[in-house]
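Please look over the model shown below.

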Amino acid sequence: MVGAFDFAPAIALLPFASFLIALFAGKRMPKGGALAGIAATAGSLLLSAWVALTVAGGGTYNEPLYTWVSGHGSGALSLHFGILIDPLTALMLLIVSLIALLVHVFSLGYMNDEDETGLPRYYAGLGLFTASMLAFVYSDNILMAFMFFELVGLCSYLLIGFWFREEGPSSASKKAFLVTRFGDYFFLIGVVGIFATFVGASSMPGRFAGDGAFPEVAAAALDGGVSGLNTFGFAPETWFTILGLLVLGGVIGKSAQFPLHTWLPDAMEGPTPVSALIHAATMVAAGVYLVARMYGFYALSPTALAIIALIGGFTALFAATMGVVKQELKQVLAYSTISQYGYMMLALGSGGYVAAVFHLTTHAVFKALLFLGAGSVIIAMHHNENMWDMGGLKEKMPVTYWTFLSGSLALAGIVPFAGFWSKDEVLFESLIHGLGGNPAFMVAWAMGLLAVFFTGFYTFRMVFLTFHGEPRTETARNPHGVRWNVKYPLIVLGVLAATIGLINMAPLEKLSGIHLTFLHDWLAHGGIEATTSEAYGTLLHDVAGVTAAYPLGGETGTMLVSAGLSLGLALAGVLVAKSLYDVRDPVEHTDRLGSVKTLLMHNYYQDEYQVWLATGVTAPLARVADKFDQGVVDGIVNGISSVSLFVGGGMRRLQSAVVSTNATVLTTGLVLLLLAFGLLGGWF
Amino acid sequence: MVAMQYYLLLSAAIFCIGVFGVLTRRNALIFLMSVELMLNAANINLVAFSFQYGNLTGQVFALFVMALAAAEVAVGLGIIMVLFRNFADVDVTKATTMRW
């Protein structure tokens, strides 16, 4: 019987086809290839929905489809492309294809209606990006995932640099590419390390799930039940931690975590729909998704988990403080993106797998919404992004205002919008596992909790400055109108941002006793046994020693305290923002921070510090290495050759080419030889 | 019958004259003649020993050497002609253009 899984390759191939169409025929098509892209992503969305329904019915799919390197004999390595579909994949496929579709529609308003040139190039980039991201999501092995991870990075480069004639975008695209590449370098070493480690114990060592999958082999190895593993002389626990951290390098680069987060704010130079699709909802999600995909591996290493949690918690707070002072709409959103991905890493690190996936889902929706809303505002403001030039847009563009408000409430974490449920669950998970005896999780939790206040503050500072009060410039008094193709995606996402949190309302379930945690069920049952959240829970408990404690009135009490705490802080942030900025003539209150503001405006001098690392440390080191190479290595080789030349130059004078001389030498030699033989042989 | 030693002495003397010619003269034709002297010194040795031991192999070998010497002269004269054509002289010490 033909089922949804037989069409699974088409989910990625359809957008790829739209990439080819836009690239080669886009000039001759009425909308520059947009319609092909919309049709393709709509097709992907329908297929993803069908796949999700099949998965809901208990189906999973994990097949190698095409082997491109086949090893013969034992211990030989085979490399293949394949598809792995389990509940996590199905959920992510739905998110990516939905947002890709909405972004394509929105682009009609943002790019086509604004008479941009180079539209085929734009839609080709979007198509290739969507195809690579979807293929990355259902990759069944880590090498295939790496390839599409890189393709996604390439598309990001192409799209950030879409307006390549200006200096900002082209430099930002290079920065994004190089910074993420720096992380991917470690990822590549990690991939090679994983293959080298597990090839002795499995014929398909790179797989995420199924026979011979590396997380399962690693788990078995820790029980001592696997032979043929090559851990390069380390204890297996240590070596698995090292491998996990190497792969984490790619995750930190792609998901813009400290210290490789610097590319993301600059990436806002790209077109706004691109920011929505790539730098908020999907590509940046690739890093977090990768950790979730191979969570069975990370769950084996308490050290790696603690590092992930600390990086996540720190990034959440660090980025949120920078978002407080920014003046441009998209910059605020960029820092909030970094901060929100910090929450996901915090959840993954502290054992909250479901919470991380939940926050990934809700964040994809509300951040895409906020970016598209920002895009709508930017169209209205004739591409002026400074919030201090806006104000009073609420009456002029009600659709944008209400949907943006929905997204902002979700981002700030106000009940009952999506972000409240997911962020609360992230903090709850890290709190209980921290209380279970892990101080690293407690520190990470405290940073995450503090960031909630800043999130509420900067989100509503942005809302009030943009939409409330009186228009502060002529453009804001007479904004440019937007059409249906901008409004419809906003409405879809606005409704989703308000409601998507309902798929997992843990605190409400505890209060009412009614079963409301559907995402938990989705990830815990069915699917491939080793990749369910239940299996991860067992691993976390047994191997990594992550335990939960509920000191505050049992599980219900602790959950309610945690939810109340984060909601209270978020509301406090919103109220402070309201009292400061929801007035007729708001002033820059952050000026009162003095030198702290300067520090924040300069992003803690992270860029300067990285440039210094490159020019002040790496370049001199390279010069020293160059000196060594030119002086010592080349010097030895050149020295040997010049000595040979000199000696040879002297020796050739012996060759006089005068026959008599040659004959004399020859005769003398013969006579001497005869004399020597005679003396030694005793002839005389 | 002449004693064996005299043949050998004659042969050695002729050979030394040949070597002396090669080492001291610069004329290519004299060179060639000196080489002929050395070859014939060897021939005398071959024939003398052949005669002494009653074995004809040495005499046959001497005939071969004569044939070889004829061929050598043919080639040698050719080389000398080319030498003269290039240097307008048959002085062997002048042909030093191909060194270094």
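Just after H7 of chain A, A:Gly224 takes a positive phi of about 85 degrees. Helices are DSSP runs (H or I, at least four residues), strands are E runs of at least two, and both are numbered from the N terminus. This is a predicted model, in which local features need pLDDT of at least 70, side-chain atom pairs count only at pLDDT 80 or more, and totals for chains, interfaces and linings use all residues. Residues are numbered from 1 along each chain as its sequence is written, while chains are lettered from A and ligands numbered from 1 in the order in which they are written.

H7(A) spans residues 214–222, and seven of its nine residues are buried, so the rest of the structure largely encloses this helix. Buried has a cut-off: 20 or more other C-beta atoms within 10 Å of the residue's own; 12 or fewer is exposed, in between is partly exposed, and C-beta atoms are placed from the backbone. The buried residues are A:Phe214, A:Pro215, A:Glu216, A:Val217, A:Ala218, A:Ala219 and A:Ala221. Their cover includes helix H6 (167–198), H8, helix H12 (295–298) and helix H24 (533–542) of chain A.

## Backbone details

The loop between helix H8 (236–254) and helix H9 (263–266) of chain A holds A:Pro259. The peptide bond from A:Phe258 to A:Pro259 is cis, with omega near 5 degrees. A:Ala256 lies in the loop between H8 and H9 of chain A too. B:Ala88 sits in the segment after helix H3 (57–87) of chain B. Each of these alanines has a positive phi in a residue other than glycine.

| Residue | Phi | C-beta neighbours inside 10 Å | Class |
|---|---|---|---|
| A:Ala256 | near 55 degrees | 30 | buried |
| B:Ala88 | near 55 degrees | 9 | exposed |

Which helices cross H15 of chain A? One of them is H21 (residues 484–499) of chain A: its axis and that of H15 (residues 353–380) come within 9 Å and cross at roughly 145 degrees. Axes are lines fitted to C-alpha atoms, for helices over the stretch in contact, and angles run from 0 to 180 degrees between N-to-C directions. This crossing is left-handed. Left-handed means that the near helix is turned anticlockwise from the far one by less than a right angle; clockwise is right-handed. On the H15(A) side, the contact includes A:Val365, A:Phe366 and A:Leu369; on the H21(A) side, it includes A:Val486, A:Pro489 and A:Leu490. Contact here means C-beta atoms, placed from the backbone, within 7 Å. By class, the residues are twelve nonpolar, three polar and no charged. Ala, Val, Leu, Ile, Met, Phe, Trp, Tyr, Cys and Pro count as nonpolar, Asp, Glu, Lys and Arg as charged, and the others, Gly among them, as polar.

Helix H10 (residues 272–281) of chain A also meets H15(A): the axes come within 9 Å and cross at roughly 160 degrees. The two are therefore roughly antiparallel, a label for angles over 145 degrees. H10(A) passes H15(A) in a right-handed crossing. Among the residues in contact are A:Thr272 and A:Pro273 of H10(A), and A:Ala364 and A:Lys367 of H15(A). This contact has ten nonpolar, three polar and one charged residues.

## Between the chains

The contact takes ten residues from chain A and ten residues from chain B. On the chain A side, four are nonpolar, five polar and one charged.

Key
Contact = placed C-beta atoms within 7 Å. Parallel < 35°, antiparallel > 145°, perpendicular 65-115°, else oblique.
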